[in-house]
Amino acid sequence: MNLGAARLDPRDCPTKRSSDARPMLIADPEPPELVEKFQDFTLKVFMDALDLIEHERNDPEWVIGELWRTKGTFGLYRRRASHPLLLSWSVEAVRRYLEARAADQHARQAAGLTLTVPVRDTWVVGKGPGPVDARGADTYEMAAWGRRYAAVDGSTRDLWLLTFGAAKDDRPEGEKAVAAYVAARGRPAGGGWRKRHTPVPFDRLPPFRTNLPTQVRVIEFGCGDGKRKELLDWDRQQSRQHFTAEGWPALLQAIDGTGARPGSGCVDCKAMTGCETLPRSPELLRITPPKPQRPRRSASVTDLRAYRDCPAKYHMTRQLKLRSSKPESPEVRRGRVVDDILNQRHGSKPYRSCEALSGPADPASWGAGGLHLSGQEALDGAAMLEQHAFYCPLDGLAAYEEVRVQCQAVCYDPELDLLLIATPDLLHTRRGGWIWRETKTASGYLYEGEPLLKRYPQLALGVLMLAAGVLGGDVARSRVELELLHTDDVTFEELDPSRPGTVDEAREVVAQLAQPWAQDQDYPTTPGRHCGSCEALEWCHPGIEHLATTEQEPR
């Protein structure tokens, strides 16, 4: 079991999490061995570069030069090359990490503490084979993935956990407790641990003659901002106490998890073949399957729109989950705050109409979700909340109807081996049908010359899913609704998924987005107007050059 098992994200599927905790459990039938052209493990190049620097004692600038020259493979056989934007991001992350490590060492030295050195082998904590327990298991093993260090006198161990963006300190208590316990009691596993389907049992690990540390630290490092945050600094007794109180209960809950919650985790779920909860929707898109066959993937309208803007942007922000930390525009920030307030209101139980709820106490200064609005931005957001109250879908809704807030709708197309995922703002039943509500904040009104489904393709996917019965219910009584909030008005549109013409138009809109995406493996950059707001711009040389050229052109 790794740290992810102790995270217990309520959005995850319990069966997926449980099967992941059992490394010798394999899918039946096993999926074909298919891989993407580019490296899709975001931290692979970063970790390989640090291994060459920390364990092989190579000069950092030489390693970075090799990273560029070999496109992230470092000359190793059968390694996949990485996208140029990932290479750029990895170089920055490596340099930031080395600076953070040097600063940490300097701080230890200034405090009179023993310096730490890199540890190559994974630390593993395990209970050797014993009587089979109620779960049918006789062995438990735990590991924690990250960068490992130990004091030269063996007194201290450090485990550095990595995050793509800014360093945070909000990891679940159970996850931190497991990380500390593994660092405090783990034995080096060598290179054999966790090979595919053949994990090395704990009792077969080589003898461990080094004394266990008396103190452990777990540090969070943000690859995006280069900052480090100390999550904990415990002695061995504290590590055991926290593991007993928070870590082990979280792991047991993960192991014992039952029930299915379809979502993006279905892509690599070992239990997907026999899952009866995941809806199957053959030919939902009716696009040509990619040739050659691709690994199972997931797609949302957000993915497809990012790809339409620029394939490289899609690869970085949607596949690799790398996004710039630059501040959001006022319009985007306002939309997120309004959205968060509506989610909180609609998610209350028992639910009630927003018409019965008051707006912000101070309309000129308020916020939600960790963001704060002030001035005109706050006034506009408060006005939009007031406008929504007139169109709140919960107004007059019977108490027995079902309401789902920001809940994923998922279906699987077996011919394309593709999971389609949508997250409407609100789903609720009404007299036997499903209502799919999308709520957007808008600075302007709809342009009459542009088809509604093309302007908002998430509506098109909603039409297709309701028409295919993905949510169940009576299709004739179901609707897809669009609510555009303005400061002084609301634009409201309604779509009927039982009308063949509406379904055909929706299928064409989504297919036009999905067909080029389904075939592409190169993800080239396509500079254009979208570069100015691109979340991957800082790693994209063609995009930076495009903007520089555009700014120099006469107006």
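## Contacts around His-486

Two residues are in contact when heavy atoms of theirs lie within 4.5 Å. The model described here is predicted. Leaving aside neighbours within four places in sequence, His-486 is in contact with Ala-383, Met-384, Gln-387, Ala-442, Gly-444, Tyr-445 and Thr-491.

His-486 is found in the loop between strand E17 and strand E18, the latter covering residues 490–495. With a relative accessible area of 2%, His-486 is buried, because buried means under 20%. From C-alpha to C-alpha, His-486 and Leu-252 are 48 Å apart in space, and 234 residues separate them in sequence.

## The chain as a whole

The protein chain holds 14 helices and 18 strands. Its radius of gyration is 26 Å, close to the 24 Å that the globule rule gives for 555 residues, so the chain is as compact as a globular protein of that length. The C-alpha trace spans about 75 × 70 × 55 Å along its principal axes.

Of the 555 residues, 46% count as buried. Among contacts between residues at least 6 apart in sequence, 72% join residues at least 24 apart.

## Glu-481 and strand E17

Glu-481 belongs to strand E17, which runs over residues 479–485. The relative accessible area of Glu-481 is 3%, so this residue is buried.

Leaving aside neighbours within four places in sequence, Glu-481 is in contact with Arg-430, Ile-435, Trp-436, Arg-437, Glu-438, Leu-459, Phe-492, Glu-493 and Glu-494. One of these partners, Leu-459, is among the buried residues of helix H12.

## Helix H12

Helix H12 covers residues 457–467 and is mostly covered, with ten of its eleven residues buried. The buried residues in H12 are Pro-457, Gln-458, Leu-459, Ala-460, Leu-461, Gly-462, Val-463, Leu-464, Met-465 and Leu-466. Just after H12, Gly-469 takes a positive phi of about 75°.

## A sheet of three strands

Three strands form an open sheet in the order E9-E14-E13, with mixed pairing. Strand E9 (297–299) and E13 are the edge strands, each pairing on one side only. From one strand to the next, the twist averages 25°.

E9 and E14 run parallel and are joined by three bridges. E13 (residues 409–413) and E14 (residues 418–422) run antiparallel, joined by five bridges. Leu-420 in E14 has Ala-299 opposite it, and Cys-411 also stands opposite Leu-420. E13 and E14 form a hairpin with four residues between them, and Asp-417 in that turn has a positive phi of about 50°.

In a regular strand the side chains alternate between the two faces of the sheet. In E13, Ala-409, Cys-411 and Asp-413 lie on one side, Val-410 and Tyr-412 lie on the other, and all are buried. Both faces of E13 are thus covered, and five of its five residues are buried.

## Aromatic pairs

The structure holds 13 aromatic pairs. In one of them, the rings of Tyr-97 and Trp-160 have their centres 5.3 Å apart and their planes at 65°, so the pair is edge-to-face. This pair links distant parts of the chain: Tyr-97 is in helix H4 (residues 84–110) and Trp-160 in strand E5 (residues 156–163), 63 residues apart. Both Tyr-97 and Trp-160 are buried.

Tyr-97 also forms an edge-to-face pair with Phe-221, at 5.0 Å centre to centre and 85° between the planes. Tyr-97 lies in helix H4 and Phe-221 in strand E7 (residues 215–222), so this pair ties together parts that are 124 residues apart in sequence. Tyr-97 has 0% relative accessibility and therefore counts as buried. Phe-221, at 0% relative accessibility, counts as buried too. Ring pairs link Phe-46, Tyr-97, Tyr-149, Trp-160 and Phe-221 into a cluster.

## Charges over rings

Definitions and conventions: Residues numbered from 1 in each chain as written. Predicted model: local features only at pLDDT ≥ 70, side-chain atom pairs only at ≥ 80, totals over all residues. Heavy atoms only, no water. Helix = DSSP H or I, 4+ residues; strand = E, 2+ residues; numbered from the N terminus. Buried < 20%, exposed > 50% of the residue type's maximum accessible area, 1.4 Å probe, protein only. Pairing = 2+ DSSP bridges. Phe/Tyr/Trp six-rings, centres within 6.5 Å; stacked < 30°, edge-to-face > 60°. Axes fitted to C-alpha atoms, helices over the stretch in contact; angles between N-to-C directions. Rg over C-alpha atoms; globule rule 2.2 N^0.38 Å.
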